[in-house]
Amino acid sequence: MPDDLYVDIVTPDDRVFQGQASGVRAPGVEGSFEILHNHAPMIAAFGVGTLSVKTKDAHRFADIHDDRVVFATSGGFIEVIDNKVTVLAETMEPASEIDVERAQAAEERAARRLKEGGLEGAEREEAEAALERARNRVRISMGEIGR
């Protein structure tokens, strides 16, 4: 399949990916979606999950998923116009760069904080979100999702 999309992924700190691709799969807030050549123009929000870019250049990213570069993301926005996909993300971490031990430690801390209790309202919501982000990073780093 030819690479018919131009993909640009940026975070507040870095340009994470820039190049040609044949598809992008994102964790939409209402369910995951895929963008292929000649996709209708759109702007969509996405949440915590796996964002993958199908590209023949995946090997440049030392990724373990063959023809895709797989990222752990905590959400953001994606825009598609004329076969150009722009991803503006809060965080975007390539699977191959996730420190498994650090991700597991963050998951344990977040789970322990929730288990200890005493959290209410916004404080509890933030702790639950931290646990969701940590679990996502662990699953992606261990190759359990994104295949």
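This is a predicted model: local features need pLDDT of at least 70, side-chain atom pairs count only at pLDDT 80 or more; totals for chains, interfaces and linings use all residues.
Where in the chain is the place of Ile98? Ile98 sits in the loop between strand S8 (92–94) and helix H1 (100–116).

## The model at a glance

Residues are numbered from 1 along each chain as its sequence is written, and side-chain values use heavy atoms, with hydrogens and water left out. The score pLDDT is the predictor's confidence in each residue, from 0 to 100. Its mean over the protein chain is 86, and 88% of the residues reach 70 or more. Among the elements, S7 has the highest mean pLDDT (98) and H2 the lowest (86).

The protein chain has 2 helices and 8 strands. Helices (H or I, at least four residues) and strands (E, at least two) are DSSP runs, numbered from the N terminus. Along the sequence they follow the pattern β-β-β-β-β-β-β-β-α-α. Of the 147 residues, 44% are buried; buried means under 20% relative accessible area, exposed over 50%, and partly exposed in between (1.4 Å probe, protein chains only). The accessible surface of the chain comes to about 8300 Å², and 47% of that belongs to carbon and sulfur atoms. Such areas come from the Shrake-Rupley method with a 1.4 Å probe, and for residues only the protein chains shown count as cover.

## How the strands pair

Two strands pair if DSSP finds at least two bridges between them. Strand S1 (residues 5–10) has two partners to look at here. With strand S2 (residues 15–21), S1 runs antiparallel and is joined by 6 bridges; the two form a hairpin with 4 residues between them. Within this pair, Tyr6 has Gln20 as its bridge partner. With strand S7 (residues 84–89), S1 pairs in the parallel sense over 5 bridges, and there Ile9 is partnered by Val87. S1 is also mostly covered, with 5 of its 6 residues buried.

Strand S5 has partners too. S5 and S6 pair in the antiparallel sense over 12 bridges, with Ala45 opposite Phe77 in S6. S3 and S5 are antiparallel as well, over 3 bridges, and Arg25 stands opposite Ser52 in S5.

## Two nonpolar cores

In soluble globular proteins, nonpolar side chains tend to be buried together. A nonpolar core is a set of buried Ala, Val, Leu, Ile, Met, Phe, Trp, Tyr and Cys residues joined through side-chain atoms within 4.5 Å. The largest one has 22 residues, and Ile9 and Ile78 have the most contacts inside it. S1, S2, strand S3 (23–26), strand S4 (33–35), strand S5 (42–54), strand S6 (68–81) and S7 each supply at least two residues of this core. Apart from it lies another core, of 7 residues, among them Val70, Ala95, Ile98 and Ala103.

Contact means heavy atoms within 4.5 Å. Leaving aside neighbours within four places in sequence, the contacts of Ile78 include Val24, Phe33, Met42, Phe46 and Val87.

## Ile98 and Ser141

Back to Ile98, which is buried because its relative accessible area is 8%. Leaving aside neighbours within four places in sequence, Ile98 is in contact with Ala72, Glu93, Ala103, Arg137, Ile140 and Ser141. Ile98 and Val138 are 40 residues apart in sequence, and their C-alpha atoms are 8.2 Å apart in space.

Ser141 belongs to helix H2 (residues 121–141). With a relative accessible area of 14%, Ser141 is buried too. A polar atom of the Ser141 side chain lies 2.9 Å from the backbone oxygen of Val138. Leaving aside neighbours within four places in sequence, Ser141 touches Ala95, Ile98 and Val100.

## Two asparagines with positive phi

Most residues other than glycine have a negative phi, and most peptide bonds are trans. Asn38, in the loop between S4 and S5, has a positive phi near 65°. Asn83, in the loop between S6 and S7, also has a positive phi, near 65°.

Asn83 counts as buried, at 16% relative accessibility.

Technical notes:
A polar contact is a pair of N or O atoms within 3.5 Å; within protein, one must be able to donate a hydrogen and the other to accept it, and residues adjacent in sequence count only if both atoms are side-chain atoms.
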